[in-house]
Amino acid sequence: MGRRGWIGAGLVAAALLVLPPLTGFHPYYLYLVSTALLFGTVATSWNLLAYAGQISFGHAAFFGLGGYGAALASLGGLSPWVAIALGGAVGAVGAAGISLASARLRGAYLALATLAYAEIWRGIAHNWTAVSGGGAGLIGIPPLPTLAWLPVDFTRGRAGSYYLSLAFLVVVIAVFGGILRSRVGLAFAAVREEEERASLLGVRALPWKVLAFALSGLFSGLAGGLYVHMVRVVEPDLVFNRYFSILPLVMATFGGLHTLLGPAMAALGLYLVSELLLHPYVPAFHQLPYALALIAVVLYLPGGLAGLLPGKRSGAA
Amino acid sequence: MSLNTLAQALVSGALLGCFYTLMALAFSMILGVTRALNLSHGDLIILGGYLGYWLWSGSGLHPLFLVPVAGAALLPLALLWHWLFHRLPEPRELSSLVLTFGLSLLLQNIMLALWRGEYRLIASESLTGSLALAGLRLNQGRLVVAAAALAVVGALYLGLTRTRWGRAIRATSLDREAAALLGINVDEATRTTFLLAFCLSGVAGVLFATLHYLYPAGGIELTLLAIVLTIWAGVGRLRSVLVAGILLGVVEALTVAWSGPRWRELVVSLMLLASLLARSGGLARGWSH
């Protein structure tokens, strides 16, 4: 990424950092931007998986598994921090599971399998009433604790989950950046570009695919766990909602497949345009940007928006 | 489960299966000639259903008269979808999934704006009531829908096997390059396929609206069912699609009879995942007519 890109990203990060006091800790705006940041995290984790050549249509499964895992652990009396970590583990295991099961599927058929997988978990959450609470879900999830060593305004309620979402997004982007520069990133790219040749050169594809799924599931699961502690309820149609599968895909492809910051930026941009500009005025059409972005990306910009910038190529770390 | 319940489920499942056959054909025909997976398939059917509902509540005509109208109403969309699909970059199957995911979302938004997410049903009095036959009670609406679906599928079968344009479509679906080399106008055949498929979707939509409540997000389940059927039957094999459709209807009816309707959606998704895993070579490999 060029210098201008980093400066732009730095400015966005600085603006996000000072936003809560500027809005007077307005609960609704903080909730909106926190959700956008979580979508940015899921979109980045979707992109990490796409970097290894695996296109998912079912990230709602990992997000929802994380959400239910964290909610159940938290309701069982564990500290929310431990509960969210457990949610992440559940998301990782769920993602590794579908990856192993569908090891022989490629491209569109793997995508369809993940789509079915997310629908299956939604069905299970609806029907396994004894554990999941059925369609009504689970309520009474405790809020995130405040941190004693920080000013209370910054860690209480919506502001607390806002800064946590922001920090989490930064961490996930940093991990993704680290992976891009490491041997793991090279292996992912090798599996993506030429699976058969990679296997001839001694890079076995399956373990790397499972690892990419598990990492992506871990981050999405953590985001799900954080989300349910933010809204403090969990329902099948909330966390296993198809939008948690569609939106990361839209954001990552629109923001630029395989780029470091594109998906998160697109998540913030698209989600806030949709919720702040369209939802109040034309509620039925507020998802229009996602639909149009997908159609436009497929037909006109195969590299995503990153393809527009001069001197950049998708896939260049 | 008593024997009578079982027989009841088998018969009503088979009737539903005739509808599923009709419903899945549009998906498999488009997959055949374009190698594109149309995730907006179910949404187009729901749109056809809403159009049928709108005409029915406005005119009070018998739903069967509205079937051709809804079929014709989707034809402009067929040209638009054809234009979009023509521009799909490689890899076609994956980019078609992403494109039609977007189109599906777009259609849902439009239907939400026009019909505000309310549940709608073509509750025509002529379709309620049931017939008693050999100890079984047959829902009259399902009988009419099954008969109409079989009639349309039969007409399509004749069209595809006995006419010049039908043979062009089948040849294009079998091997696009070879068909083009033999002088078949494959672009023309592709356009005809879209027009036919969308007409079928409109027809299926009106029939669906007499069986089930419509809501804007309801299309995904139909799409998943169509994919399952296509995996089971293969592309372009009409008789196999009919067998698979009836099988699917029976599986669904047995699930509902055994465990209640809330497991239905879960079973559909499980069947999709299991079918994909079992047929891991991909949908389009090794199929012929």
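Author: Two residues are in contact here if their C-beta atoms, placed from the backbone, lie within 7 Å. The model is predicted, and the part to start with is the pair formed by helix H3 (residues 59-75) of chain A and helix H11 (residues 205-231) of chain A.

The axes of H3(A) and H11(A) come within 7 Å and cross at roughly 50°. That angle makes H3(A) oblique to H11(A), and the crossing of H3(A) past H11(A) is right-handed. On the side of H3(A), the contact is made by A:His59, A:Phe62, A:Phe63, A:Gly64, A:Leu65, A:Gly66, A:Gly67, A:Gly69, A:Ala70, A:Ala71 and A:Ser74. They meet residues of H11(A), namely A:Ser216, A:Gly217, A:Ser220, A:Gly221, A:Leu222, A:Ala223, A:Gly224, A:Gly225, A:Tyr227, A:Val228 and A:His229. Sorted by class, the contact of H3(A) with H11(A) holds nine nonpolar and 13 polar residues, and no charged ones. Gly counts as polar in this sorting.

Helix H14 (residues 262-278) and helix H15 (residues 288-300) of chain A pack at an angle of about 140°, and their axes are 9 Å apart. H14(A) and H15(A) are therefore oblique to each other, since angles count as roughly antiparallel over 145 degrees. H14(A) contributes A:Leu270, A:Val273, A:Ser274 and A:Leu278 to the contact, while H15(A) contributes A:Leu288, A:Pro289, A:Tyr290 and A:Ala293. Seven of the residues in the contact of H14(A) with H15(A) are nonpolar, one is polar and none is charged.

Next comes the contact between the chains. On chain B, 34 residues are in contact with 32 residues of chain A. Helix H5 (92-115), helix H10 (219-233) and helix H12 (264-278) of chain B are the elements that each give two or more residues to the side of chain B that touches chain A. H5(B) gives the most, with 14 residues. By class, this side of chain B has 24 nonpolar, six polar and four charged residues.

Chain B also has a strand pair. Strand E1 (residues 130-133) and strand E2 (residues 136-139) of chain B run antiparallel and are joined by four bridges. B:Ser130 has B:Asn139 in E2(B) as its bridge partner. Two residues lie between the strands of this hairpin, and B:Ala134 takes a positive phi near 50°.

Methods:
Residues are numbered from 1 along each chain as its sequence is written. Chains are lettered from A and ligands numbered from 1 in the order in which they are written. This is a predicted model: local features need pLDDT of at least 70, side-chain atom pairs count only at pLDDT 80 or more; totals for chains, interfaces and linings use all residues. Two strands pair if DSSP finds at least two bridges between them. Axes are lines fitted to C-alpha atoms, for helices over the stretch in contact, and angles run from 0 to 180 degrees between N-to-C directions. Angles under 35 degrees count as roughly parallel, over 145 as roughly antiparallel, 65 to 115 as roughly perpendicular and the rest as oblique. A crossing is left-handed if the near helix is turned anticlockwise from the far one by less than a right angle, and right-handed if clockwise.
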